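Hi,

Here is the structure I promised to pass on. Please have a look at it first, and then read my notes below.

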Amino acid sequence: MKSDLFSERHLAQPATVPGMSAQNSKSLKYTVNGEMLARQGSMIAYRGNLQFERKGQGVGGMLKRAVTGEGVPLMTVRGQGEAWFAHEAHNCFLVDLEPGDVLTINGRNVLCFDASLSYEIKTVKGSGISGGGLFNTVFSGHGRIGLMCEGEPLVIPVSPKEPVYVDTDAVVGWTANLETSLHRSQSIGSMLRGGSGEAVQLMLQGDGFVIVRPSEATPAKPQQH
């Protein structure tokens, strides 16, 4: 059988090192030797001896999801083998965290990550409007995160003299040392007249960067349980 479909570009290669790697721009591969975590429902294929188990979020996590409709529904993957992860053909990216690094990520953009990383749900100061939500996931420690984004993300440097204002529906994440607050760019009079549709943004100040996707958030699909 002959076809461009069977070219090297599309062929899954044998594992050479454990951990996460990019299969292509739309999917990530994880060579599991122990344990890792991934978004529920994101596994598209696997081979080897692997078990997939839904990971509970505890009482606080369940309450947060009930109030906001957001969160990071996770599953634990254990064993030895290879697994591939993707979500609705979103673009995928790898981020390596070193000890001392802290990264805040919107839950909708988390695809998978190393079990060596610490993560917790935190309230985003100054947020709480629209798709940006009240809560983001804060990652720290030493390991790799697989992120996903609709389209090619924009990474904007933030400096103490030049704060950045982002649409809360478009923000993917930011370095966690940045300070956040709510910024109103539209007058009350303008809002009453119909306004521009861009009344409030999240302002980030300090030294770091913010990741923004090239579109506003679409309504979240109900999670399957």
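Let me begin with one lysine: Lys26 counts as partly exposed, because its relative accessibility is 35% (buried means under 20% relative accessible area, exposed over 50% and partly exposed in between, with a 1.4 Å probe and protein chains only).

Before I go on, a word on the basis. This is a predicted model, in which local features need pLDDT of at least 70 and side-chain atom pairs count only at pLDDT 80 or more, while totals for chains, interfaces and linings use all residues. Residues are numbered from 1 along each chain as its sequence is written, and side-chain values use heavy atoms, with hydrogens and water left out.

**Around Lys26**

Lys26 sits in the loop between β1 and β2. These strands are DSSP runs (E, at least two residues; helices are H or I, at least four), numbered from the N terminus. Strand β1 covers residues 19–24 and strand β2 residues 27–39; they run antiparallel and are joined by five bridges (two strands pair if DSSP finds at least two bridges between them). The hairpin from β1 to β2 passes through two residues, and Gly19 has Thr31 of β2 opposite it.

What does Lys26 touch beyond residues up to four places away in sequence? Its partners are Phe85, Ala86, Ala89, His90, Asn91 and Cys92, where contact means heavy atoms within 4.5 Å. Ala86 is 60 residues away along the chain, yet its C-alpha atom is 6.5 Å from that of Lys26. With Asn91, the side chain of Lys26 makes a polar contact of 2.5 Å (a pair of N or O atoms within 3.5 Å; within protein, one must be able to donate a hydrogen and the other to accept it, and residues adjacent in sequence count only if both atoms are side-chain atoms).

**The aromatic rings**

The structure has four aromatic pairs. Rings of Phe, Tyr and Trp (its six-membered ring) pair if their centres lie within 6.5 Å; planes under 30 degrees apart are stacked, over 60 edge-to-face and the rest tilted. Phe113 and Tyr119 form an edge-to-face pair, because their planes are at 65 degrees, with the centres 5.1 Å apart. Tyr119 and Phe139 have centres 6.2 Å apart and planes at 35 degrees, so that pair is tilted. Since Tyr119 lies in strand β8 (residues 118–123) and Phe139 in strand β9 (residues 135–140), the pair ties together parts that are 20 residues apart in sequence.

Phe113, Tyr119 and Phe139 form one aromatic cluster. Phe113 is buried at 1% relative accessible area, and Phe139 is buried at 1%, whereas Tyr119 is partly exposed at 32%.

Best wishes
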